[in-house]
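Please keep the sequence and the coordinates in view while reading.

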Amino acid sequence: MKNEVQTLNVRGMTCAACVRSVERAVDKHPGITEASVNLTTEKLRVSFDPDQVTLEHIIQSVSKAGFTAEAPSGRADAEDTETRRQVEELRDQRIRLYVSLVFAVPLFLIAMSEMVGFSLPSIISSGSNPGRFALLQLLLVIPILMAGSHFYTRGFSAFRHLNPNMDSLVAVGSMAAFVYSVWNTFLIVGGAPGLVMHLYYETAGVIVALIQVGKYLEAVSKGKTSGAIRELMQLQPGTATVIREGVEIQTEIDQVMVGDIMRVRPGEKIPVDGVVTSGRTVVDESLLTGESIPVEKGVGDSVTGASINQSGTILYRALRVGKDTALARIIQLVEEAQGNKAPIARLADVISGFFVPVVIGIALLSGLLWFISGAGIGFALKIFISVLVVACPCALGLATPTAIMVGTGRGAALGILIKGGEPLEIAGRIKTVVFDKTGTLTEGKPRVTDLIPLNGVSEMELLRLAASAEKGSEHALGAAIVEAGSQRGIDWIEGEGFLALHGQGIQVILEGQQILLGNLKLMKGAGIFTEEMSEAERLSRKGRTPVYLAVDGQLAGIIAVADTIKPDSRAAVQKLQQLGIRTVMLTGDNRNTADAVAEAVSIDEVVAEVLPADKAKAIEKLQQAGDRVAMVGDGINDAPALTRSDLGIAIGSGTDVALESAQVVLMKNSLAGVVTAIELSQATLRNIRQNLFWAFAYNSAGIPLAAGLFLLFGGPSLNPMFAAAAMALSSVSVVTNALRLKRFKPMELSPVESPEANPSLEHKNKEQYMKTLISIDGMSCQHCVKSVTQALEKLDGIQQIHVNLEEKNALVESNAVPDEALIMQSITDAGFTVTGFQSAD
């Protein structure tokens with residue numbers, strides 16, 4: 001069966017009953033898989049089989065239900081058009097509100113003054129001129145009812161379609177008061193002055209005016225809930241500088257094509273996604289990823305549309321444009337997320353299906369019973385109107401979608417894309433989080449962690465021989481050793497006679513010496529074995545891979561290489577445990593490596609040596625314990641497990657397959673986002689429950705009060721005008737409560753590292769290092785920082801370097817008293833001036 005998903009704009013909805021009416025109208029068609037309406041965004045998301053039902057038929061069904069549906073415009077300015085429509089609609093509501101209030105205030109004063117002891121001028125007094133008193137109120141109420149004409153057109157239209165809604169309740173209640181008052185006005189003018197106390201023009205007028213106030217405030221608040229998408233839209237620049245046939249031209253962003261070469265100068269936004277072809281720069285990607293540290297970009301590096309070019313001028317080739325850019329995909333995900341319903345919303349949907357008919361029934365029954373009991377037609381009418389007006393299906397309808405809109409929008413601002421209400425709800429109820437190891441808990445990139453020189457070879461010489469032997473190697477372990485050599489600024493040796501020994505290591509001649517570099521099997525095959533090799537067992541138990549170096553048949557040392565753990569992994573795991581969530585690590589690595597990483601980050605449970613095809617089965621086994629399970633991963637081999645889990649969470653630096661399989665995407669390559677996603681989801685769920693509680697509580701208490709139930713036991717009754725005020729404020733309070741989620745702040749996670757987690761060269765024997773603060777003049781950008789860092793890295797004995805651009809200094813850690821003259825010369829050669837040295841110990 002084919003399946004097509006379309007989103008339609010639906011106009012004319014005012015409450016949860018309207019939502020239910022649209023969904024029922026669409027669900028009647030064969031071939032409809034799902035129909036979901038969001039009252040806040042006024043959108044219908046429908047999944048259907050185009051062979052059984054067409055989009056035109058769906059639109060016609062919505063029209064027959066009393067609403068207007070249309071497919072969104074595909075034009076580039078569609079979002080601007082929608083924004084203008086919303087602005088015009090808000091202006092129209094404001095004008096209606098002003099008209100209602102201008103006439104409602106004098107109407108209320110005239111109608112109520114004599115009741116509370118104030119006298120009116122005799123020309124309009126109910127005692128002296130009852131006819132004028134009634135006619136003046138009639139003249140004042142007509143503009144109010146005209147300003148609220150949409151309540152009547154939509155409300156009575158809903159009755160005709162057998163789908164009564166909130167407008168129907170307001171229309172019937174206010175019109176009943178108006179018609180009854182008009183009839184009494186004719187009688188008063190005809191000679192029945194005693195009926196002046198049976199005029200309810202102020203009830204009809206004030207009801208409409210107060211609900212206009214509520215609807216206007218609601219519209220303003222709803223506009224704020226959708227601010228996340230507007231903010232994302234505004235990130236994209238409007239134009240791009242494209243080079244065509246050697247000439248620079250300014251063009252609209254939607255005219256950029258794949259393959260175009262574009263120039264981006266300092267301070268400009270990058271128009272679309274692409275790859276740098278010329279130049280170097282530093283790019284601020286914080287608006288998209290939330291990562292505050294700018295990223296250096298050079299030839300061959302990818303750049304993302306809407307990020308800000310900070311320093312250099314670059315040329316780059318467009319790879320993804322229009323709806324294919326990262327920003328467009330983020331906007332699409334946020335829109336879909338805000339349009340999807342959470343399972344918790346279904347309760348409100350079910351109740352709203354019969355809410356309005358039941359309320360009308362209660363209103364008729366209450367009014368009739370009071371009339372039969374002898375209370376009089378005026379009091380019975382008051383009861384009837386109060387019940388109709390106090391009931392508030394709109395609060396029920398807004399309770400869930402507003403919270404989801406604000407929650408997902410806040411998540412997007414924090415670099416967390418939650419794909420809808422259902423993932424949001426599931427995330428708030430997760431009991432077990434499963435982590436992939438490589439690239440998720442760890443950096444996914446091997447680094448040298450230990451240097452163990454033997455037989456009189458120095459640590460620096462060991463690294464120099466190993467790195468020179470591996471130079472040009474494509475093996476991950478070899479590349480890690482070469483990178484360590486580069487960081488330490490070794491003097492490279494040209495090798496000869498290079499020979500790769502499959503599955504064992506390499507053989508090469510350096511400075512006339514035969515070098516063997518590889519695993520234990522290589523050493524044993526060459527007849528090299530000493531007691532020092534037992535040190536390798538200790539390294540293996542810690543999850544590190546030992547690489548042996550032999551020079552002319554004698555063991556010269558051992559180099560340990562390991563995939564280092566991300567700085568915030570341990571803190572994130574510990575925070576999840578504090579939230580009562582069990583943590584599990586799922587990996588295909590051997591048990592020693594898995595246990596070492598698990599111990600370093602405090603993981604509760606380890607499942608090791610799992611084949612990629614069996615990861616989904618491992619997730620299923622965990623689910624059988626009855627807990628909701630989230631899977632966090634980044635690779636293609638994680639996709640089945642992400643799909644099988646109750647909640648798939650993909651690291652933003654991962655593969656496209658992983659991102660598509662996941663329900664939550666973390667834009668930053670950090671596990672802090674897992675904690676933030678769960679905490680945000682829990683906060684959103686609490687907000688939804690609060691909204692639903694108050695919506696139900698309000699209706700549960702308001703309807704009996706309006707029906708006069710408490711009056712039977714000597715309690716109060718509810719005036720229709722107060723009922724209208726309560727109804728208006730209930731919707732506003734729900735939306736305002738949801739807006740509190742905009743203030744959600746993620747808990748800061750301080751990096752917590754186990755002493756064994758990342759024992760890399762940079763902080764080995766750290767307690768023995770001397771710290772020196774060097775004041776440097778002339779640094780102005782990140783390129784300067786890099787130049788100073790590279791100049792200092794070339795010097796022997798310097799172990800760690802921290803260059804601070806704002807403070808104009810560099811903190812270096814060395815294993816001996818630094819040579820100030822050599823440092824000054826190195827920095828001067830790089831184009832900067834040293835202005836002072838200071839001990840930082």
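Is Tyr201 buried or exposed? Tyr201 is buried, with a relative accessible area of 0%, where buried means under 20% relative accessible area, exposed over 50% and partly exposed in between, for a 1.4 Å probe and protein chains only. The model is a predicted one, in which local features need pLDDT of at least 70 and side-chain atom pairs count only at pLDDT 80 or more, while totals for chains, interfaces and linings use all residues. Residues are numbered from 1 along each chain as its sequence is written, and side-chain values use heavy atoms, with hydrogens and water left out.

Tyr201 also belongs to an aromatic pair. Rings of Phe, Tyr and Trp (its six-membered ring) pair if their centres lie within 6.5 Å; planes under 30 degrees apart count as stacked, over 60 as edge-to-face and the rest as tilted. By this rule the model has 5 aromatic pairs. In one of them, the ring centres of Phe178 and Tyr201 are 6.1 Å apart and the planes stand at 65 degrees, so this pair is edge-to-face. Because Phe178 lies in helix H6 (residues 166-189) and Tyr201 in helix H7 (residues 201-225), the pair ties together parts that are 23 residues apart in sequence. Helices (H or I, at least four residues) and strands (E, at least two) are DSSP runs, numbered from the N terminus. Phe178 counts as buried, at 16% relative accessibility.

A ring may also face a charge: NZ of Lys or CZ of Arg must be within 6 Å of the ring centre and within 35 degrees of the ring normal. Lys471 lies over the face of Trp492, at 4.7 Å from the ring centre.

Two further buried residues are Cys15 and Ser366. Cys15 is located in the loop between strand S1 (4-11) and helix H1 (16-27), and its relative accessibility is 0%. Although Cys15 and Asn165 are 150 residues apart along the chain, their C-alpha atoms are separated by 6.7 Å. Ser366 is placed in helix H11 (residues 346-372) and has 10% relative accessibility. Leaving aside residues up to four places away in sequence, Ser366 touches Ile383, Val387 and Ala707, contact meaning heavy atoms within 4.5 Å.

Helix packing can be followed at helix H20 (residues 569-578) and helix H21 (residues 591-601), whose axes come within 8 Å and cross at roughly 70 degrees. Axes are lines fitted to C-alpha atoms, for helices over the stretch in contact, and angles run from 0 to 180 degrees between N-to-C directions. H20 and H21 are therefore roughly perpendicular to each other; angles under 35 degrees count as roughly parallel, over 145 as roughly antiparallel, 65 to 115 as roughly perpendicular and the rest as oblique. At this crossing, Ser569, Arg570 and Val573 in H20 meet Glu599, Ala600 and Val601 in H21.

The strands come next. An open sheet is formed by 4 strands in the order S28-S29-S27-S30, with antiparallel pairing; two strands pair if DSSP finds at least two bridges between them. Strand S28 (798-804) and strand S30 (833-839) are at the edges with a single partner strand each, so one side of each has no neighbour in the sheet. From one strand to the next, the twist averages 20 degrees. Strand S27 (residues 770-777) runs antiparallel to S30 and is joined to it by 6 bridges, with Thr772 opposite Ser839 in S30. Helix H28 (residues 820-829) packs on the sheet and touches S27 and S30, its direction making about 145 degrees with that of S30. S27 also pairs with strand S29 (residues 809-814) in the antiparallel sense over 6 bridges, and here Leu773 stands opposite Leu811 in S29.

Another antiparallel pair consists of strand S5 (residues 239-244) and strand S6 (residues 247-252), again over 6 bridges. Ala240 has Thr251 in S6 as its bridge partner. S5 and S6 form a hairpin with 2 residues between them, and Glu245 in the turn has a positive phi of about 55 degrees.

Most residues other than glycine have a negative phi. Lys808, in the loop between S28 and S29, has a positive phi of about 60 degrees and counts as partly exposed at 33% relative accessibility. Asn455, in the loop between strand S16 (442-453) and helix H16 (459-470), has a positive phi of about 55 degrees and is partly exposed at 43%.
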